[in-house]
Amino acid sequence: QVDLVQSGGGLVQPGESLRLSCAASGSIDSLAAMGWYRQAPDKHRERVAHITTRGTTNYADSVEGRFTVSRDAAKNTLYLQMNSLQPEDTAIYFCNAEKLSGGHYYTVAWGQGTQVSVSS
């Protein structure tokens, strides 16, 4: 079992930055990747960023160049640095933990979610 606890988030103005954290505990040695998703009101949850245990990253086009995903293996913590935030980035953000089977990643845990609001 893997448990994820998120922190960070809040209300910022356009152009400002925020950093989200996601602390993992439990059976984390078996994880293959972690990611960040977001869900805005009346929209489907979308993947924002993804990082494998080898350090390979992937971003949604909408955040490429503004968001950076990273992880601190010693602290078992995943981060999402969000710069140049815009109102359209407003959403609830979730981290997830993934394992790998048959060449495909699948989610084994979700964080509790944290609100990010961008408004002037």
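Me: Hi! Is strand S5 mostly covered or mostly open, and how many of its residues are buried?
Reply: Mostly covered: five of the seven residues in S5 (residues 46-52) are buried. Buried means under 20% relative accessible area, exposed over 50%, and partly exposed in between, with a 1.4 Å probe and protein chains only. Strands are DSSP runs of E with at least two residues, numbered from the N terminus.

Me: What kind of model is this, and how are residues numbered?
Reply: The model is predicted, so local features need pLDDT of at least 70 and side-chain atom pairs count only at pLDDT 80 or more, while totals for chains, interfaces and linings use all residues. Residues are numbered from 1 along each chain as its sequence is written, and side-chain values use heavy atoms, leaving out hydrogens and water.

Me: Thanks! Which way does S4 pair with S5?
Reply: Antiparallel, over six bridges, with S4 covering residues 33-39. Two strands pair if DSSP finds at least two bridges between them. Arg38 is opposite Glu46 in S5. The two strands make a hairpin with six residues between them, and Asp42 in that turn has a positive phi of about 65°.

Me: And what joins S5 to S6?
Reply: Three bridges, again with the strands running antiparallel; S6 is residues 57-59. Ile51 is opposite Thr57 there. This hairpin has four residues between its strands, and Gly55 in the turn has a positive phi of about 95°.

Me: Switching topic: how many aromatic pairs are there?
Reply: The count is two. Rings of Phe, Tyr and Trp (its six-membered ring) pair if their centres lie within 6.5 Å; planes under 30 degrees apart are stacked, over 60 edge-to-face, and the rest tilted. Tyr37 and Trp110 pair edge-to-face, 5.0 Å centre to centre with 75° between the planes. That pair links distant parts of the chain, with Tyr37 in S4 and Trp110 in S10 (residues 104-110), 73 residues apart.

Me: Are those two buried or exposed?
Reply: Tyr37 is buried at 16% relative accessible area, whereas Trp110 is partly exposed at 37%. Trp110 also pairs edge-to-face with Phe94, at 6.4 Å centre to centre and 85° between the planes. Phe94 is in S9 (residues 91-101) and Trp110 in S10, so this pair ties together parts 16 residues apart in sequence.

Me: Where does the charged end of Arg45 sit?
Reply: Over the ring of Phe94, 3.8 Å from its centre. Arg45 also lies over the face of Trp110, 4.5 Å from the ring centre. The rule asks for NZ of Lys or CZ of Arg within 6 Å of the ring centre and within 35 degrees of the ring normal.
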